[in-house]
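Trainee: I have a model on screen and would like to learn how to read it. Can we go through it feature by feature?

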Amino acid sequence: MKQKAKLWLLVAGLISLMSCNKVEGKTDSDSSAFAKGADISWLPQMEKSGYIFYNDNGVKEDCIQILKDHGINSVRLRTWVDPSDNPHSGHCSKDETVAMAVRAQKAGMRIMINFHYSDTWADPAHQTKPKAWEGLNFEQLKEALYTYTADVMTALKEAGVTPEWVQVGNEIPSGMVYPEGSTDNWPQLVELLNKGYDAVKEVSPSSQVILHVDQGNNNERFRWWFDNATKYGAKYDIIGMSYYPYWLEGKPDYTLSIDDLGNNMNDMVSRFHKDVMVVEVGGEDTKVQNTYDMLKAVISKVTEVPSNKGKGVFYWEPQGARSWSKYALSCWGDNGRPTQALDAFK
C-alpha cells in the first residue's frame, strides 16, 4: 500500500507539474490568448525598397521580431486579386501574401487573412470589382469569388498555414464588389458574403470568418448593418471593427468616443451572440503619448467585453513609417525605430 501511495503521489506531482508548465508555456498560437495584432501588408514593399528597420537600441533587426518584442503576437495580411506593382497601392498578390504568412508563422505569429475582393484598396469609399470579374453575370460573379477565395486558402494550406481568422471583405459598411454587392441589394450582398464564407470553411474549417465594418464607436451603424446581415442569412463567426478617432468628423480626441466603442462591442455581443475584434486601429505618429493612451484604452475595452467575447486588437501598418508611406498613423519614427506608442501592446 505504501508503494502504491508513493506511486500515486509521484503521478499527482507530475500531473501538477505538467499543468503548471502548460499555463506558463502558453504559445503564441494558443487560440484562447488575446490577439495583439498588426497589419503589416506593406512590409514586403518596404523591404524591397531598401527601408531598414531598427529596434529600440538602434540595431538593425527584422521587423517581425521587433513587433514581437513589443508584444505583437498576430499578423494580418491583405490579399488583392490582380494587383499592380505600385509600391504603395500594389503588391499583396496571392503569392506574396502566402510567402508573408509563412514567414510570420515561422516567427510564432498567428495569422489573419484579409480578402479585399479588388485589385487595390477596398474600403468605405472604394469597393471596385476586380478587372477580371467585369462583365460576369451574378451567378458567374459568385463563382469567381468562391473560386478565388478557395484558391488563396488552398495555397496557404499547401504552404502549411492555417489562418486563425479570415476576413470576407474589408470595411464593407456599404457592401463590396460594386455594384452587385452593394447594400442597395442586401440579398445579393449576403449571397456573395456566404460564397466567401463557404470557400473559407471548405478549405479551412477551423478558420474564424470575420465581417468588418468601420466606425466601431457608431452603434447605430453596426445595428443597421448586422441586423440586415442577420435578416438575410449572412454566415460569419466574428464582428470586426475599425476604430480611428483621426478619421471621425473633426478628428476628436479618442476620449470622446472610447466609451461608445466599448458600449457598441457589448451591444453586438448581446444582440448577435458573436465574438468581437478591433481589426484596425491607429493614432497619429506625432502624438505618441496620446496614441499610446488610446491603444491602452482600446485594449482595455476589448478585454472588458463580457464572457471573454472580445478577442483582440490589430494596429493597421504600425511599421508603415511616414517617411516611406506618407501615412500619418503609424507607430514608427523618422529614425527607423518604433515609437513608444507600440509599447501599449506589451
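Trainee: Does Trp316 count as buried or exposed, and at what relative accessibility?

Mentor: Buried means under 20% relative accessible area, exposed over 50%, partly exposed in between, with a 1.4 Å probe and protein chains only. Trp316 has 10% relative accessibility, so this residue counts as buried. One caution: this is a predicted model, where local features need pLDDT of at least 70, side-chain atom pairs count only at pLDDT 80 or more, and totals for chains, interfaces and linings use all residues. Residues are numbered from 1 along each chain as its sequence is written, and side-chain values use heavy atoms, with hydrogens and water left out.

Trainee: Where is Trp316 placed, and which residues is Trp316 in contact with?

Mentor: Elements first. Helices (H or I, at least four residues) and strands (E, at least two) are DSSP runs, numbered from the N terminus. Trp316 sits in strand S8. Contact means heavy atoms within 4.5 Å. With neighbours within four places in sequence set aside, the contacts of Trp316 include Trp42, Trp121, Tyr244 and Tyr327. Arg76, Arg78 and Glu280 are also among them.

Trainee: What about Glu317: buried or exposed?

Mentor: Glu317 is at 0% relative accessibility and therefore counts as buried. Glu317 belongs to the loop between strand S8 (310-316) and H10. Its phi is positive, about 50 degrees, although Glu317 is not a glycine.

Trainee: Which backbone atom does the side chain of Glu317 reach?

Mentor: Think polar contact: a pair of N or O atoms within 3.5 Å. Within protein, one must be able to donate a hydrogen and the other to accept it, and residues adjacent in sequence count only if both atoms are side-chain atoms. Here the Glu317 side chain reaches the backbone nitrogen of Trp42 at 2.9 Å. Beyond four places in sequence, Glu317 also touches Asp39, Ile40, Ser41, Arg78 and Ser330, among others.

Trainee: Which other residue has a positive phi?

Mentor: Look at Asn308. Its phi is near 60 degrees, positive in a residue other than glycine. Asn308 lies in the loop between helix H9 (288-303) and S8.

Trainee: Which residues does a cis peptide bond join?

Mentor: Check omega. Tyr178 and Pro179 are joined by a cis peptide bond, with omega about 0 degrees. Pro179 is in the loop between strand S4 (165-168) and helix H6 (186-203).

Trainee: Where does Ser325 lie, and what does Ser325 touch?

Mentor: Ser325 is in helix H10 (residues 322-325). At 11% relative accessibility, Ser325 counts as buried. Not counting residues up to four places away in sequence, Ser325 touches Trp42, His88 and Gly320. A polar atom of the Ser325 side chain lies 2.8 Å from the backbone oxygen of Gly320. The C-alpha atoms of Ser325 and Met46 are 8.7 Å apart, though 279 residues separate the two along the chain.

Trainee: How many helices and strands does the protein chain have?

Mentor: The protein chain has 10 helices and 8 strands. Buried residues make up 53% of its 346 residues. Among contacts between residues at least 6 apart in sequence, 76% join residues at least 24 apart. The C-alpha atoms fill a box of roughly 80 × 50 × 40 Å along the principal axes.
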